[in-house]
Amino acid sequence: MARTLSSPGSGVKERDKKLLLAATRRSFTIIVYALLIALAFSMIFPYLWMLANSFKSRTDFFTNPYSVIPMPPTLSTYYDALTIGRMGVYLGNSILYAAAVLVVQLFIDSLAAYSFARVEFPGRETLFLAVLATLMLPGSVTLIPTFLIAHGLGLTNTFTGVVLPGFAGAFGIFLLRQFFLNIPRELEDAARIDGSGFFGTYWRIMLPLAKPAMVTLGVFIFLNEWSSFVWPLIILSDWKKYPVTVGIALFRDVNQINWPAVFAGSTIVSFPIVILFIIAQEYIIGGISLSGLKG
Amino acid sequence: MTTLAQPSQPLQSRASRQRELWRRLKKTWPGYLFISPAGLLITVFSYVAIIFSLYISFHQYDIISEARPFEGLENYARALNDKLVRISFRNTFVYVAVIVPSITVISLLLAVLGNQVRRGRALFRTIFFIPTITPIVVTSMLWVWLYEPTGGINRLLQMINIEGPNWLFDPSTALPAIMIMTIWGAVGYYMIIFLAGLAEIPEVFYEAAKVDGAGRWHTFWKITIPLLRNSLIFAFVTLTIAAFQVFTQAFIMTQGGPMNSTQTVQMVVYHYAFQRFQMGYASAISWLLFGVIFFFSALQLKLFMSRELY
């Protein structure tokens, strides 16, 4: 339309152009939203089905596996998963493994990180580099020898065997050292003058100050250990010691998959993670962002 | 004590040298003590482990028999001629070549697009993140169910009149099925990495581009991509290293089948090491994988570092 008008209509032309621009911008926004919403649905629905199916009775599941509302809701699948599926045992083991690794690794990592950040000793930089270098090692290469070492120490099929290799982490030491380096030295000097030794300063002054970094690292350690699958699968041979991840995989092992039990089990495993995510979302996202920026 | 500062002093007695050593040790021993638990664990489970792994890769080594003869490069030669190993390397290469660029591009787009919408930004971020924090065992199981012949995926395809395949039981679709699931599960994580990178780009660059009349597309290529360089390198390299070691998805969803179409190198390492107890041979295969990973990481870093992007 604007094209047919000659020179005096340039104002109209300008307005048309603006309208067109606004229209493309708006349609762009709509396309972006449509795309994001479609993807969001694809990410939510598998979990919604998991949750819904875990509350369905067997007949309800086999007739309407893709309905989102169980009719009528029942807890029988959970009962089956916990008893016949041994989910109760697996859950207890997972909690034990995750708690042990969480507490011990936080302590060992922070102790080493404090030392690398603040205590001066010959060879410190070299040793720190040696720690960092292990981050480059692919787990694929260390898996077999780690198993053989654990076997040599008599740790196969034991609680200690599952958790011991996770008691120290190069990433944790790196993360906490960065944090300790940024804490002003005056705070420590004051404590030193008050007569605190090395350990006292670390325990009473540095650890409380490093709380945000400790929480971030703690969340990652927990998530890692809770999801860990390959190592417990290899080191354990007795089902009484299996964590939930291995337990769920066992449901798959048989030819006939007990789907309702899988859904109940998966919901049970995911539940602590969802809670943790709700509480500590900022820490998780902050931690991941940090690792990306540093890299 | 006053002569201690001059180490070349010949008259310095042995006793005072010892005293000096003792004095320094007294100041520094907490340092060694504090790193010793972590140091011991890392030494055993990383350094001793890797040397041990290399050692047994040259031997015939299983847990049961006591005889562990040296074999030189025998294991490596055998691996290169092993059909299963070859298939697994081919599958793994295909897997890496597809998922690494896919995840990088999709998560980058998600981050850039997600940054442009005003409402629901935090909500999208949270939702995309859910698959990332769920244990991979759980997501794998869920997708086994979704990939059933009459499962969720095929029902969705039916809506647009496509007859879906029997995903996990057809050799031509099993590996793509695993790749789709992995991409779906990983984009949320790398989106966070890119969002953090985007937040670091100063707003002035975009304002300047706007003043210059640069379009959306132009701004994306000339400003966003070059300034996201660090995040891109990080994503690409870490993704490649992780993708080469893919195991759990294949182990749970297909167990390497059908017809070895989803055998990955790590699956084969597991098979020889923990099902046939040929630890030496399996270690040799894992070293071949390490070599490949090392080569590609070094190559990527070299390419990224040498190219001047801005």
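**Entry 1: an open helix**

I began with helix α9 of chain A, residues 185-193, and found that the number buried among its nine residues is zero, so this helix lies largely in the open. I note here that the model is predicted, and I read everything below with that in mind. Following the chain onward from α9(A), I came to A:G195, whose phi is positive, near 95°.

**Entry 2: chain A as a whole**

Next I looked up which elements chain A is built from, and I counted 14 helices and zero strands. Written out along the sequence, the pattern is therefore α-α-α-α-α-α-α-α-α-α-α-α-α-α. I then asked how spread out the chain is: its radius of gyration is 27 Å, whereas the globule rule gives 19 Å for 295 residues, so chain A is more spread out than a compact globule. Along its principal axes, the C-alpha trace of chain A spans about 85 × 65 × 40 Å. I also noted that buried residues make up 41% of the 295 residues in chain A, and that, among its contacts between residues at least 6 apart in sequence, 71% join residues at least 24 apart.

**Entry 3: two domains in chain A**

I turned to the domain assignment, which divides chain A into domain 1 (2-63) and domain 2 (87-294). The C-alpha centres of these two domains of chain A lie 41 Å apart, and their contact takes seven residues from domain 1 and six residues from domain 2. On the side of domain 1 that touches domain 2, I found that α1 (10-54) and α2 (58-63) of chain A each supply at least two residues, and that α1(A) gives the most, with four residues. When I sorted the residues of that side of domain 1 by class, I had three nonpolar, two polar and two charged.

At what angle do helix α6 of chain A and helix α1 of chain B pack? I found that α6(A), residues 139-152, and α1(B), residues 14-57, pack at an angle of about 100°, with their axes 8 Å apart. Because angles from 65 to 115 degrees count as roughly perpendicular, α6(A) is roughly perpendicular to α1(B). I listed the residues that make the contact, among them A:V141, A:I144, A:P145 and A:L148 of α6(A), and B:V44, B:F45, B:V48 and B:F52 of α1(B). By class, the contact of α6(A) with α1(B) has 11 nonpolar and four polar residues, and no charged residues.

Technical notes:
Residues are numbered from 1 along each chain as its sequence is written. Chains are lettered from A and ligands numbered from 1 in the order in which they are written. This is a predicted model: local features need pLDDT of at least 70, side-chain atom pairs count only at pLDDT 80 or more; totals for chains, interfaces and linings use all residues. Axes are lines fitted to C-alpha atoms, for helices over the stretch in contact, and angles run from 0 to 180 degrees between N-to-C directions. Angles under 35 degrees count as roughly parallel, over 145 as roughly antiparallel, 65 to 115 as roughly perpendicular and the rest as oblique. Two residues are in contact if their C-beta atoms, placed from the backbone, lie within 7 Å. Ala, Val, Leu, Ile, Met, Phe, Trp, Tyr, Cys and Pro count as nonpolar, Asp, Glu, Lys and Arg as charged, and the others, Gly among them, as polar. Domain bounds come from an automatic or database domain assignment. A residue is buried if 20 or more other C-beta atoms lie within 10 Å of its own, exposed if 12 or fewer, and partly exposed in between; C-beta atoms are placed from the backbone. The radius of gyration is taken over C-alpha atoms; the globule rule is 2.2 Å times the number of residues to the power 0.38.
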